[in-house]
There are 2 protein chains.
Amino acid sequence: MEIKVVRQIMEWNENCHDEIQKYLDDKKVFLINVMGSPGAGKTTFIKAIINNLRDKYNIGVIEGDIASKIDAEKIAEIGIPVVELNTDGACHIEAMSIKNILPNFDLDNLDILIVENIGNLVCPAEFDIGEHLKIAILSVPEGDDKVPKYPLMFTRSNALIINKFDLKDIFNFDDKKVENEVKTINKNSSIFKVNSVNQNGIREVAEWIEDKVKK
Amino acid sequence: MEIKVVRQIMEWNENCHDEIQKYLDDKKVFLINVMGSPGAGKTTFIKAIINNLRDKYNIGVIEGDIASKIDAEKIAEIGIPVVELNTDGACHIEAMSIKNILPNFDLDNLDILIVENIGNLVCPAEFDIGEHLKIAILSVPEGDDKVPKYPLMFTRSNALIINKFDLKDIFNFDDKKVENEVKTINKNSSIFKVNSVNQNGIREVAEWIEDKVKK
């Protein structure tokens, strides 16, 4: 499958978050913004979610990367429509890029559009891109001290996914501490502990997403 | 020990890289900029390097963080002069912040100043901060596909430290591939494979740094 690669145009800097959300509401497309550090496991998590929801929903993916189309290829392999968005160095996706890319999807026949943001625990948290849900992924090998160090990401996300949770003992990861810290700054955040590779805990996340899509 | 916390002033946006470098050359202080993703192990690596070099050199540390002083406390615990630089949300350290902080150190009695940049594989790579060496840390759990996805960091660094290398088999990490990719875009980069926790491989990095300091 040929993968469409689109570049983020930095000269065009329009905040069109509300406009995108309204447009997608009309089309009944639910947009999810997945964020996290490089290597947190965003692509594997997205594939696991797709695996759980593809029987009931038509799903598309926008893969954000500074460079390369490695992640888009992984999504195309499982037969899901995907567009690669290369930011050419920029550290986050802007709403205007999403607006620019939407015409590449058959929105009348799409239910869920998942955006994998740039691997970065900092900048993507600042920018709304038309999403209905923000999901933050923190992987166990990153350590259990990340909430006070990167507060905005955990404050603004609707859910925290603690990924690679099977490695908790190897990395001496205190998940109760992380949970308490997140609840203190963002009491409405849902928290899930998963292993995206073997799909442990993914079913619960998929059900939570489905619940939000139906509302 | 009371830890000095300084804030990055974003209104003051002066590129003073050359000025800082010249000033530090006069003072015979060698500045090292350590960069990498959240959780790559930057602080533990810096502590391991200090452990290897503190008998011969007077060392100071600037800890960059969006928020908190968790990392500065770890450095203060081992009796090393440290200043915490909080960027209040900004995704990288700017040269002006280093200029601003330098008077907090006794530069006449300092040989090496190590800066731990914000946990971010993207933005810090773009900004020179007066450093004599840029060191990029990539940890094995982040995966072996990071060089083509975040090329600037690996292009601009003088050395790549592959950290948590003892986990290579668990994460099926192809270090030869990473090495080849780095050498292709940055043939002068030194590459070290280490475990900062048990200090495997750290001696070689310390010797490499010592060699640069002496020049």
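Select Gly36(B) and Gly119(B): Gly36(B) stands opposite Gly119(B) in β5(B). Strands here are DSSP E runs of at least two residues, helices are H or I runs of at least four, and both are numbered from the N terminus. This is a predicted model: local features need pLDDT of at least 70, side-chain atom pairs count only at pLDDT 80 or more, and totals for chains, interfaces and linings use all residues. Residues are numbered from 1 along each chain as its sequence is written, while chains are lettered from A and ligands numbered from 1 in the order in which they are written.

**Stop 1: β2 of chain B**

Stay on Gly36(B). Its bridge partner in β6(B) is Ile137(B). Now select the strands themselves. β2(B) and β5(B), residues 112–119, pair in the parallel sense over six bridges. Two strands pair if DSSP finds at least two bridges between them. β2(B) also runs parallel to β6(B), residues 133–139, and five bridges join them.

Color β2(B), residues 30–36, by burial. Seven of its seven residues are buried. Buried means 20 or more other C-beta atoms within 10 Å of the residue's own, exposed means 12 or fewer, and partly exposed lies in between, with C-beta atoms placed from the backbone. Which residues point one way from β2(B), and which the other? Phe30(B), Ile32(B), Val34(B) and Gly36(B) point one way, and Leu31(B), Asn33(B) and Met35(B) the other. In a regular strand the side chains alternate between the two faces of the sheet.

**Stop 2: the sheet of chain A**

Switch to chain A and show strands. An open sheet of eight strands has the order β1-β4-β3-β5-β2-β6-β7-β8, with parallel pairing. The edge strands are β1 (4–7) and β8 (190–193), each pairing on one side only. From one strand to the next, the twist averages 20 degrees; axes are lines fitted to C-alpha atoms, and angles run from 0 to 180 degrees between N-to-C directions.

Pick β2(A) and β6(A). They pair in the parallel sense over five bridges. Val34(A) stands opposite Ile135(A) in β6(A).

**Stop 3: the core**

Select Val115(A) and Val115(B). These have the most contacts inside the largest nonpolar core, which has 124 residues. Such a core is a set of buried Ala, Val, Leu, Ile, Met, Phe, Trp, Tyr and Cys residues joined through C-beta atoms within 7 Å. Leaving aside neighbours within four places in sequence, Val115(A) is in contact with residues including Leu31(A), Val34(A), Ile62(A), Ile93(A) and Ile129(A). Contact means C-beta atoms, placed from the backbone, within 7 Å.

**Stop 4: the interface**

Show both chains. 27 residues of chain A are in contact with 27 residues of chain B. On the chain A side, β5 (112–119), α5 (146–149) and α6 (151–156) give two or more residues each. The largest share, three residues, comes from α5(A). 100% of the interface residues of chain A are also interface residues in chain B, so the copies meet through the same surface.

Now superpose the chains. Chain A can be laid on chain B with an RMSD of 0.0 Å by a turn of 180 degrees and a shift of 0.0 Å along the axis. The two copies are thus related as by a two-fold rotation axis.

**Stop 5: Ile3(A)**

Finish at Ile3(A), in the segment before β1 of chain A. Ile3(A) counts as partly exposed because it has 13 C-beta neighbours inside 10 Å. Not counting residues up to four places away in sequence, Ile3(A) touches Lys69(A), Ala72(A), Glu73(A), Ala76(A), Val82(A) and Glu84(A).

Terms used: Contact = placed C-beta atoms within 7 Å. Least-squares fit on C-alpha atoms with pLDDT ≥ 70 in both.
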